[in-house]
Amino acid sequence: MVMGDNMEIFLLIILVIVIIFFIVSIIVVYNKLTKYRTKLSISYNNMYSVINKKIICLNSYFKSKNSNEEKIIKNRLKEFPVLSTKKDIINSLLYLDRELNELFKYYDNNGIDYKKLKKDLNTINNELVDLKKEYNDNVLRFNNLLKMFPISLISSLFGFSEWHYYRND
C-alpha cells in the first residue's frame with residue numbers, strides 16, 4: 001500500500017515536470033519568434049523610412065515638371081500614401097524604379113540635365129541596398145525558423161506567418 005502511494009506520487013511528480021517543461025518550451029519558442037519578428041519589423045521600418053526619403057526627394061523634384069514622362073512618375077508617387085501592405089509598397093517601388101529608368105533615358109536623349117536628382121537618388125539607393133540586404137536576411141532567418149519543428153506548431157498556434165522578400169525583379 002505504501003509502495004503504491006509512493007508510485008502514484010512519483011508519477012504525479014513526473015507528470016507535473018513534463019507539463020512544466022512543455023509550458024516553458026512554448027514560452028521560450030514564443031519569445032524567440034517575437035524577438036525575430038520585432039527585428040524584422042525594425043529592418044522593414046528602416047527600409048521604409050529610406051523609401052519615404054526617396055519619395056520625398058522625387059516629389060520635390062517633380063513638383064513643377066509637366067512632360068508626359070514626368071506625369072507618369074507624379075502619378076506613381078501619388079499611390080504611396082494609400083498603399084497598405086508591404087508587398088504592395090515593394091511592388092510599387094519596383095515599378096517606380098523602372099519608370100525612372102525610362103525617364104532618365106528620355107532625359108539623356110533630350111539633353112535634359114538631372115545631375116542633382118541622379119546624385120540624390122544614388123545616395124538614397126546606396127543606403128537602400130544595405131537595408132534591403134538586412135531586411136532579406138532577417139526574412140530568411142524568420143521564415144526558416146517558422147518551418148522548423150516544433151516551432152512550426154507553436155508559430156501556427158500563435159498566428160506567426162511568413163514575410164515577403166524584397167526582390168529587385
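User: Okay, how many helices and strands does the protein have?
Analyst: There are five helices and zero strands. Going along the sequence, the pattern reads α-α-α-α-α. Keep in mind that this is a predicted model.

User: Got it. What share of the residues is buried?
Analyst: The protein has 169 residues, and 31% of them count as buried.

User: Let's do the surface. Which residues form the positive patch?
Analyst: Lys32, Lys35, Lys39 and Arg141 form it. Helix 1, which covers residues 2–62, gives the most to this patch, with three residues.

User: Where does lysine 39 sit, then?
Analyst: Lysine 39 is in helix 1. Its relative accessible area is 45%, so lysine 39 is partly exposed.

User: Which residues make the nonpolar patch?
Analyst: Leu12, Leu15, Val16, Ile19, Ile20, Phe22, Ile23, Val24, Ile27 and Val28 make it, and the patch comes to about 920 Å². Take isoleucine 27 as an example: this residue is in helix 1. Isoleucine 27 is partly exposed because its relative accessible area is 45%.

User: Switching topic: how many salt bridges are there?
Analyst: The count comes to five salt bridges. One of them joins lysine 53 and glutamate 127, with the closest N and O atoms 2.9 Å apart. That pair links distant parts of the chain, since lysine 53 is in helix 1 and glutamate 127 is in helix 4 (residues 115–147), 74 residues apart.

User: Is lysine 53 buried, exposed or partly exposed? And why?
Analyst: Lysine 53 is partly exposed, because its relative accessible area is 38%. Glutamate 127 also has a value in the middle band: at 32%, this residue is partly exposed.

User: What does lysine 133 pair with?
Analyst: Lysine 133 meets aspartate 137 in a salt bridge, at 3.0 Å from N to O. Both residues lie in helix 4, four residues apart, which is about one turn of the helix.

User: How open are those two to the outside?
Analyst: Lysine 133 has a relative accessible area of 53%, so this lysine is exposed. Aspartate 137 has 27% relative accessibility and therefore counts as partly exposed.

User: Which residue does glutamate 162 bridge to?
Analyst: Glutamate 162 forms a salt bridge with lysine 147, and the N to O distance is 3.6 Å. This pair links distant parts of the chain: glutamate 162 is in the segment after helix 5 (151–157), lysine 147 is in helix 4, and they are 15 residues apart.

User: Why does lysine 147 count as exposed?
Analyst: Because its relative accessibility is 57%, and exposed means over 50%. Glutamate 162 has a relative accessible area of 44%, so glutamate 162 is partly exposed.

User: Now for the inside. Is lysine 54 buried or exposed?
Analyst: Lysine 54 counts as buried, because its relative accessibility is 1% and the cut-off for buried is under 20%. This lysine lies in helix 1.

User: What does lysine 54 touch?
Analyst: Leaving out residues up to four places away in sequence, lysine 54 touches Leu93, Asp97, Leu100, Leu121, Ile124 and Asn125.

User: How about asparagine 136, buried or exposed?
Analyst: Buried, because asparagine 136 has 17% relative accessibility. Asparagine 136 lies in helix 4. Setting aside residues up to four places away in sequence, asparagine 136 touches Tyr165 and Tyr166.

User: Last one: what's going on with isoleucine 56?
Analyst: Isoleucine 56 lies in helix 1. At 58% relative accessibility, isoleucine 56 counts as exposed.

User: And how far is isoleucine 56 from leucine 77?
Analyst: The two are 21 residues apart in sequence, and 9.0 Å apart in space, going from C-alpha to C-alpha.

Terms used:
Residues numbered from 1 in each chain as written. Predicted model: local features only at pLDDT ≥ 70, side-chain atom pairs only at ≥ 80, totals over all residues. Heavy atoms only, no water. Patch = residues over 30% accessible without salt bridge, like charges linked within 9 Å, V, L, I, M, F, W, Y side chains within 5 Å. Areas by Shrake-Rupley, 256 points an atom, 1.4 Å probe, with all protein chains shown as cover. Salt bridge = Lys/Arg side-chain N within 4 Å of Asp/Glu carboxyl O. Lys, Arg positive; Asp, Glu negative; His and termini not counted. Charge placed at Lys NZ, Arg CZ, Asp CG, Glu CD. Helix = DSSP H or I, 4+ residues; strand = E, 2+ residues; numbered from the N terminus. Buried < 20%, exposed > 50% of the residue type's maximum accessible area, 1.4 Å probe, protein only. Contact = heavy atoms within 4.5 Å.
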